[in-house]
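Hello,

Here is the structure I promised to pass on. Please open it and keep it beside this email as you read.

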Amino acid sequence: MSYEENLRQQISDAVDHQFPVVKQDPYYPGYHLAPPAGLLNDPNGWIQWNGNYHLFFQWMPFHTGHGAKFWGHFRSENLIDWKLEPVALAPSDWFDKNGCYSGSAIADEDKLKVFYTGNVKNERGERQTYQCLAESADGIQFEKKGVKVPLPEGYTPHFRDPKVWKYKDHWYMVIGAQSTDKKGCVAFLESSDLENWTHRGVLSDAEATPFNNLGYMWECPDLFSLGGSEILLFSPQGLAANGIDFNNQYQSGYVVGSLDYSSASFSHSDFEEVDRGFEFYAPQTTLDDQGRRLLVGWMGVPDQNESEQPTVSNGWVHQMTLPRQLELKGEKLYQLPLEEMKKLRIQERYSQTVDSDLSTSLGRTAEIEISGEIEELHLFDYAKIMYDRDANILHLERLSYVDGTIETRSCRLPNGFNHLRLFVDHSSLEIFVNKGEEVFTSRIFAEVENDSLKVSTKNTIQLQVWDLKNDTIHIRD
Ligand code: FRU
């Protein structure tokens, strides 16, 4: 058996052994993507190709910590039902032996091609990084093509997560990086053939206008055009919390600007967080055949008490967000649940006009829609949404899974508060505010038996609740 075959056998054994335990966990999601064993992090290679949506992911199948990552693979025709496919990339070569780290996918010449980071630690434990290519004719089996981009000068080996796209007849790549003077930045590369890459320079960095020291490392960049502008999405590390902003361990956000391909210069707005919840990181986007820009994020944050999550004792940790559609309004990114998500609904549980306090019940895979302004919403006596009308700030509180204390995340709503759409899964909550103006993504570890939903309002609101499907992820045939 080759080393690679041996690794694949170990994964199959790990899933056989762990998945029966994992799927019994009342916190395992009913319609979100989660690992059948071990740890899942970043979405990778997100693409619609030959009629199928492919979402690869960073995967450590053997335990719930990080390590030499594989590319796990989920595939879907309709963005609702997903199937786990064989691992796409295994850390089996000299150039990726300590991890097939994050990257992206493109369609080229009838092939699905992926660029990813080969993470290597040498005998002295020093990091080396290689940007590598792998190709597939069927979208399932990948052939590695080796290293295409060695580390250019001016960066430390924290240089990873290539995102590739085509513009006119050339290919472009952004890479998350740290400059030798320890500033977070994004490298910009160009190629005519996907084989030979030219380093065009730094697209933006922690000291670029209008930033004020935006961290020591930027991970997972993504650059795309939307509504006539270019958006750079990235995940900077090293930002200090500032009031209600930057409250997680690391951030994910975006700038809006204009990219001049000929001079490789990008002038842009200030950094805005994409999501206001407790767990959200490393989002990636793709363009589908309906022209929609679709985003998926990791519902987790590196180094943010990961090993304390209650699912660790059942041998799995983390999940993905739902895919969301992006729209740009002015310089603000809106995120909307996909139209397809309505197919998750199995029955309407409640539909009522409400003008005072209300208490009802809710299943563990549910959607709630509220039109109108509410004061508070309590979910499972665990999470609470509160609107501060005077300050125009919306707060989300939950009980910490580390020590049970109350913790808060917040966002500003300069134009008031008029709409909520909530997606509840066994241990997650995605809150879309004002039809995508803000989103809060969080894990929730409420008491399993608790089914309480309470809403208080002084206005007349419309409340609708649906039970959602609980079985859309197929791990085994
Ligand atoms: C982000 C990240 C990436 C890296 C990957 C490793 O969460 O640290 O920068 O490629 O995870 O799993």
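Below is what turned up, starting with the chain and ending with the ligand.

One caution before the details: this is a predicted model.

**The chain overall**

The chain has 35 strands and 1 helix. Its C-alpha trace spans about 65 × 50 × 40 Å along the principal axes. How does the radius of gyration compare with that of a compact globule? For 477 residues, such a globule would come out near 23 Å. The chain has 22 Å, so the two agree.

**Two spots in the backbone**

Look at Pro210 first. The peptide bond that leads from Thr209 to Pro210 is cis. Its omega is near 0 degrees. Pro210 belongs to the loop that links strand S12 (198-205) and strand S13 (217-226).

Then go to Asp110. Its phi is positive, near 65 degrees, and the residue is not a glycine. Asp110 lies in the loop between S5 and strand S6 (111-121).

**The ligand site**

Where does the ligand sit? Its place is the second largest pocket.

The shell around the ligand consists of Asn41, Asp42, Gln58, Lys69, Tyr101, Ser102, Arg160, Asp161, Glu219, Tyr281 and Trp298. By type, 5 of the shell residues are charged, 3 are polar and 3 are nonpolar.

Which strands each supply at least two residues of this shell? They are strand S1 (38-49), strand S5 (100-108) and strand S9 (155-167).

- Asp161 places a polar side-chain atom 2.5 Å from a ligand oxygen.
- Arg160 has a side-chain N or O atom 2.9 Å from an oxygen atom of the ligand.
- Asn41 has a polar side-chain atom 3.0 Å from a ligand oxygen.

How much of the ligand does the protein cover? On its own, the ligand has 320 Å² of accessible area. The protein covers 92% of that.

**Where to start**

Find Asn41, Arg160 and Asp161 among the residues around the ligand. After that, move to the cis bond between Thr209 and Pro210. Finish at Asp110, with its positive phi.

Best wishes

How values were computed. Residues are numbered from 1 along each chain as its sequence is written. This is a predicted model: local features need pLDDT of at least 70, side-chain atom pairs count only at pLDDT 80 or more; totals for chains, interfaces and linings use all residues. Side-chain values use heavy atoms; hydrogens and water are left out. A residue is near a molecule or strand if one of its heavy atoms lies within 4 Å of it. A polar contact is a pair of N or O atoms within 3.5 Å; within protein, one must be able to donate a hydrogen and the other to accept it, and residues adjacent in sequence count only if both atoms are side-chain atoms. Accessible areas come from the Shrake-Rupley method with a 1.4 Å probe; for residues, only the protein chains shown count as cover. On a 1 Å grid over the protein atoms alone, a cavity is a set of points where a 1.4 Å probe fits but cannot get out, and a pocket is an open set with protein on both sides within 12 Å along at least five of seven lines; lining residues have an atom within 4 Å of a point. A molecule sits in a cavity or pocket if more than half of its atoms lie within 2 Å of its grid points. Helices (H or I, at least four residues) and strands (E, at least two) are DSSP runs, numbered from the N terminus. Ala, Val, Leu, Ile, Met, Phe, Trp, Tyr, Cys and Pro count as nonpolar, Asp, Glu, Lys and Arg as charged, and the others, Gly among them, as polar. The radius of gyration is taken over C-alpha atoms; the globule rule is 2.2 Å times the number of residues to the power 0.38.
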